[in-house]
Amino acid sequence: MEGTTARIIRSFRQHKLGVFGLVVLAVLYLAILFAGFLAPYDFTQTHRNFVYAPPSKIRFIDEDGRWRGPFIRAMKKSRDPVTYQVVFDEDTSSVVPIKLFVRGEEYKFWGLFKTNLHLFGVEESPDRAMLLLFGADRFGRDLFSRVVVGGQVSMTVGLLGTFLSVFIGAIVGSLSGYYGGWIDVLIQRFIELLRSFPRIPLWLALAVILPPSWPSTWVYFGIVTVLSLIGWMGVARVMRGMVLSLREKEFVLAARVTGVPGMKIITRHLIPNTLSYLIVVSTLSIPGMILGESAISFLGLGIKEPMTSWGLLLKQAQSLSELESHPWLMIPGIFIMIAVLSYNFVGDALRDAVDPYRTVEKI
Amino acid sequence: MKIISTRNLKKYFPIRSGVFLQISGWVRALENVNMEITQGETIGVVGESGCGKSTLGRTIVKIYEPTAGSITYRDPSGASHDLSKGIDRRVEPIFRKDVQMIFQNPFDSLDPRMTIRDTIREPLQTHRLLAGKKAMDERVAELLMKVGLYPEYAQRYPHEFSGGQRQRIAIARSISVNPRLLICDEPTSALDVSVQSQIINLLKDIQRDTNMSLIFISHNLDVVHHMSDRIMVMYLGNVVESAPATELFDNPAHPYTQALMSAVPSWNPKDRKLGQVKLEGEPPSPINPPSGCPFHPRCPHRLALCSKAKPEAVEVSDGHFSACHLHSV
């Protein structure tokens, strides 16, 4: 007989989009795991010669038509005499080759030791030439490096927040469902009250509580807490429903007759039996968390400089004139979209795989 | 020695409706049930679906809180405790070890996420009966052998077993703490006939070895007859007749019991016709029970009195009680 796990894996693999999403997520998490190494520049380092520089053009063939491997040109900054706008001109005589494993700006690898080894980059001084895959921002910082490092916040905030909110939701939901009576009524009315609040003002109100003097790592965990304080309610609802049906099952009654205490019934029987549903619900609620973090940071109440996140990076693209002249500042938004879509695909695939009868609807 | 006795035990379930879930009615599942069970005795409870048999079992093990009446529990040291208003903190562990239950559906009564070892070990751990992993594992192996399974099954999961095997596992779990009273809530109704007899004989063997008391709830008259010393017949939450097993089968006194008996097909194919007493209609709803005797709308012998007054149980012969106006007219 085929085990449940084997069945889930087989059915997941038939879901093409889900597998695709899983691969994309794996790539994204691998990238943020080695963010400092993958980024060609330090994400906080400013470069005054490359303020608002557009993405570099990567070339392979030089002026004389010879194959030179991938290279970029050095840039010269000048001002348009009419509009006074900064324009970047390529120095057509220069060839700055892109190399693997170059020594560049220093960074701390996993916060443990200092190194200056990068996966790829150019060996030219950043005053003359920079490899800017996604362009630069208004301080001349490399946007690609910032997107990779910002992903560390955006991609983990969802995971951590969901973990916390599923934890709270599972416990509150099973208490509510298992004990019933006035505990249930109290918890359910409280959830309804919180849910009837508009979401963004509630986030903002909670985010304002975080003191501005906090260091950025504390702010990060503060944001996680804020997100999960709101996110647990959906999980609690689903959990309550499942516990309501599970608690009438005879194996729960058998445990009660034997004298197993209530909390132990919840942790030993109820939660393990809802685990597959909890995993699905979590996967489907991660995108909401990622969007939530982006929204808070976009509005300036979340992650603060010098730390960065995709939402914070998007903040630079707030004004229309900015967007018109520097459209590459929208790139972090594409990453948010990719991450959210991938999680949705994976969540949908998991839901179909775990639950052939579709009892958990998207929340 | 009595283990449990009940007096005028009632269990009503509220029906809630409306926005604020006001109570709009009651399901009268148990009405004034008096029973007692002594050490080593088996009491059979029979009746059709919805008559309150399972409610009685579940109220006695305190899964349900009784609405009124008393449940008296006598612990092994001889002290009596009233359980009708919640269990005292000191009595609860003794009671939870002393009274165990087997459920109807073996596909539902074992946690699908737990191995058989963990399932059987759970009561032992809860009551801290054995110290050490080795002693526990030995006890689990011993229990599995006692119910006729291989000790190697301990690391498997419930879905790997058939219904009969699962019911054996459930029995092993319930007898692991050496209870004095085992409540069997239709333990064989989900099994096929050959497996039914194995389970029943297993229960009889265990009872002979341990002098355990059984409350055996079933709708199968033959099974109950085979198992029980005394039989209680229930109808719409009321005990209509109770008597020693053989006496009840030989001389059913209450019209409902007579009807029930004659509904059992004969073993003889030439004698295909069912018995003489035929009932019409369905049992009434326990939400709105009939006045007077609960059985009067379907009773073939009803009198004018029957719809007005509820009959009291009278002793028709030695130890044979029946609640019917016919006995007193």
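Which residue of S4(B) is the bridge partner of Thr6(B)? It's Ile71(B), and the views below start from there. A quick note first: this is a predicted model, in which local features need pLDDT of at least 70 and side-chain atom pairs count only at pLDDT 80 or more, while totals for chains, interfaces and linings use all residues. Residues are numbered from 1 along each chain as its sequence is written, and chains are lettered from A and ligands numbered from 1 in the order in which they are written.

**View 1. Strands S1 and S4 of chain B run antiparallel.** Five bridges hold S1(B) (residues 2-17) to S4(B) (residues 68-74), and the Thr6(B)–Ile71(B) pair sits in this pairing. Strands here are DSSP runs (E, at least two residues), numbered from the N terminus, and two of them pair if DSSP finds at least two bridges between them.

**View 2. S4(B) also pairs with S5(B), again in the antiparallel sense.** Three bridges link S4(B) to S5(B), which covers residues 80-82. Look for Thr72(B), standing opposite Asp82(B) of S5(B). The hairpin has five residues between its strands, and Gly78(B) takes a positive phi near 100 degrees there.

**View 3. Chain A has an open, antiparallel sheet of four strands.** Read across, the order is S1-S2-S3-S4. S1(A) (59-61) and S4(A) (113-122) are the edge strands, each pairing on one side only. On average, neighbouring strands are turned by 55 degrees against each other, direction ignored; the axes are lines fitted to C-alpha atoms, and angles run from 0 to 180 degrees between N-to-C directions. S1(A) is joined to S2(A) (residues 67-79) by two bridges, and Ile61(A) stands opposite Trp67(A) of S2(A).

**View 4. Chain B meets chain A.** The contact takes 19 residues from chain B and 14 from chain A, where two residues touch if their C-beta atoms, placed from the backbone, lie within 7 Å. On the chain B side, H2(B) (92-98), S6(B) (99-102) and H3(B) (116-126) each give two or more residues; helices are DSSP runs of H or I, at least four residues. H2(B) has the largest share, at four residues.

**View 5. Chain A is assigned two domains.** Domain 1 takes 4-33 + 147-354 and domain 2 takes 45-140, with bounds from an automatic or database domain assignment. Their centres, taken over C-alpha atoms, are 38 Å apart. Six residues of domain 1 and seven of domain 2 make the contact.
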